Amino acid sequence: MSEEDLAKDLGPVAALTIGVGTMIGAGIFVLPGEAILNAGSFASVAFVLGGVIAMFTALSASELGTAMPRSGGAYYYVNHALGPMFGSVAGWANWLGLAFASAFYMVGFGRYIARIFGLAGSVGSGPVSITVVKLIALVGGGCFVAVNYVGAKETGRLQNVIVVLLIAILTVFTLLGTLRAEPSNLPPATDVVTTLETTGLIFVSYLGFVQITSVAEEIKDPGTNLPRAVIGSVVIVTVIYALVLVIMSAAVPKGFIAGVVSSNAENPIAVVEVGQYIQGAVMGGALLFGGLLATASSANASILASSRINFAMGRDYIVTPALNEIHGRFGTPYRAIGITGGLILLFIVVGDLTLLSGAASGLHLIIYGLLNIALIVMRHVAPEEYTPEFIVPLYPLLPILGAVSSFALLVFVSGDA
């Protein structure tokens with residue numbers, strides 16, 4: 001197969017679930033305890049604000065994606081509209097940002113496995129020691145790289161199953177939590193700056209929607225299915241985030257979540273503790289299983305998208321075009337997947353959860369800002385071949401808001417990252 005022959009294996013549901021599956025893992029199953037601890041009852045506001053910022057870029061990505069359905073997504077659009085210098089920035093940032101995100105999700109996956117089986121501590125001693133959580137993350141990461149090596153069709157099918165199960169578990173959690181929710185349980189709200197800092201912390205929860213465009217070349221009928229998947233994924237996860245965060249805060253006594261985080265600093269999984277409080281071991285077990293699926297889903301989709309960005313950079317000679325070779329049997333860019341998988345495993349070893357999430361969020365905010373500028377440039381230049389099937393409404397207001405808000409939120413991302 002040639003480099004132009006990526007198989008069109010992803011239908012509309014598979015494309016949607018790549019976005020939803022990537023986002024829902026971090027948003028609900030890894031970061032809510034820290035968000036509520038930081039922002040109090042405004043934790044849900046932080047998630048909604050993140051969703052609004054994401055929606056501005058989702059609209060721009062949808063228009064650009066229907067006009068240029070090529071592997072690489074945001075990288076390709078920025079490179080095409082703003083030239084190779086900005087394209088290089090976007091490409092490297094998107095590729096490495098997703099690799100950081102994949103490592104973050106796999107460490108979360110390791111936490112859930114360790115919690116389920118009661119594992120703790122480290123393996124080895126001295127400079128060659130590694131925590132059990134990271135060891136599990138390395139094994140899981142290797143497995144998901146292998147899944148993506150086989151092909152996007154298998155990836156899409158896996159995403160469909162995982163996302164349906166996640167939504168079912170969270171729906172039951174929300175309904176049961178609503179029965180126990182009391183407004184008096186809500187923690188006090190924080191100030192605007194703290195809420196924005198919390199938005200910067202949790203923005204890693206909104207990295208999945210643009211990754212749908214990274215596999216646009218493999219989506220059936222991208223003119224129709226791509227914008228539905230991109231915009232729909234942002235709407236779905238923002239609603240889920242807001243509902244679950246409110247329920248988590250209101251269904252347990254004041255100070256409950258703070259106690260969970262402080263008493264189990266090595267492996268705090270607040271949503272599971274809240275589930276156990278609401279409905280006992282059955283709900284807690286379901287959420288443990290859901291968290292395992294969610295973090296696996298996020299990592300799986302991120303590995304898929306990040307390798308396609310690397311592939312697209314090879315086509316433009318920003319990295320060696322030798323990475324573009326397509327597997328004769330599976331129709332996947334197997335060299336790009338292998339390189340990306342190696343980086344992910346390296347980041348798991350050397351990074352902690354805060355650094356991994358902060359690096360992923362910060363790099364993607366830069367990309368999102370550039371992507372909105374790319375849309376403005378393409379509209380202004382209006383080349384003959386630019387014929388999108390989806391048009392951003394209220395142009396140029398929404399892409400301007402998207403660029404400004406993305407760059408502005410960078411101020412509130414972890415300084416170390």
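Which residues does Ser44 touch, not counting residues up to four places away in sequence? In the predicted model described here, the residues in question are Ala242, Leu245 and Val246, where contact means heavy atoms within 4.5 Å. Ser44 itself is found in helix H3; helices (H or I, at least four residues) are DSSP runs, numbered from the N terminus. At 12% relative accessibility, Ser44 counts as buried, a class that means under 20% relative accessible area, with exposed over 50% and partly exposed in between (1.4 Å probe, protein chains only).

The model is predicted, so that local features need pLDDT of at least 70 and side-chain atom pairs count only at pLDDT 80 or more, whereas totals for chains, interfaces and linings use all residues. Residues are numbered from 1 along each chain as its sequence is written, and side-chain values use heavy atoms, with hydrogens and water left out.

Two packed helices are described by the angle between their axes and the distance between the axes. Helix H3 (residues 43-67) packs against helix H14 (residues 353-381) at an angle of about 50°, and their axes are 9 Å apart. Here axes are lines fitted to C-alpha atoms, for helices over the stretch in contact, and angles run from 0 to 180 degrees between N-to-C directions. H3 and H14 are therefore oblique to each other; angles under 35 degrees count as roughly parallel, over 145 as roughly antiparallel, 65 to 115 as roughly perpendicular and the rest as oblique. The crossing of H3 and H14 is left-handed, a term applied if the near helix is turned anticlockwise from the far one by less than a right angle, the clockwise case being right-handed. On the H3 side, Phe56, Thr57, Ser60, Ala61, Glu63 and Leu64 take part, and they meet Tyr368, Leu371, Asn372, Leu375, Met378 and Arg379 of H14. By class, the residues of this contact comprise 7 nonpolar, 3 polar and 2 charged. In this scheme Ala, Val, Leu, Ile, Met, Phe, Trp, Tyr, Cys and Pro count as nonpolar, Asp, Glu, Lys and Arg as charged, and the others, Gly among them, as polar.

H3 also packs against helix H15 (397-409). The axes of H3 and H15 come within 8 Å and cross at roughly 130°. This pair is therefore oblique as well, and H3 passes H15 in a left-handed crossing. Ile53, Phe56, Thr57, Leu59 and Ser60 of H3 meet Leu398, Pro399, Leu401, Gly402, Ser405, Ser406 and Leu409 of H15. The contact of H3 with H15 has 7 nonpolar and 5 polar residues, and no charged residues.

The structure holds 2 salt bridges, each defined by a side-chain nitrogen of Lys or Arg within 4 Å of a carboxyl oxygen of Asp or Glu. In one of them, the side chains of Glu63 and Arg379 meet with an N to O distance of 2.8 Å. Glu63 lies in helix H3 and Arg379 in helix H14, so this pair ties together parts that are 316 residues apart in sequence. Glu63 counts as buried at 0% relative accessibility, while Arg379, at 24%, counts as partly exposed. Arg115 forms a salt bridge with Glu273, the closest N and O atoms being 2.4 Å apart. Because Arg115 lies in helix H5 (residues 84-117) and Glu273 in helix H12 (residues 270-315), the pair ties together parts that are 158 residues apart in sequence. Arg115 is partly exposed, at 21% relative accessibility.

Further pairs were examined by C-alpha to C-alpha distance. Gly21, in helix H1 (residues 12-29), is buried with a relative accessible area of 0%. Gly21 and Ala299 are 278 residues apart in sequence and 8.9 Å apart in space. Ser298, placed in helix H12, is likewise buried at 0%. Ser298 and Met106 are 192 residues apart in sequence, with 8.5 Å between their C-alpha atoms.

Most residues other than glycine have a negative phi, and most peptide bonds are trans. Asp221 has a positive phi of about 45° although it is not a glycine. Asp221 is located in the loop between helix H9 (208-214) and helix H10 (222-250) and counts as partly exposed at 47% relative accessibility. Phi of Ala382, also a residue other than glycine, is positive and near 50°; Ala382 is found in the loop between H14 and H15. A cis peptide bond joins Tyr395 and Pro396, with omega about 5°, and Pro396 lies in the loop between H14 and H15.

Terms used: Helices (H or I, at least four residues) and strands (E, at least two) are DSSP runs, numbered from the N terminus.
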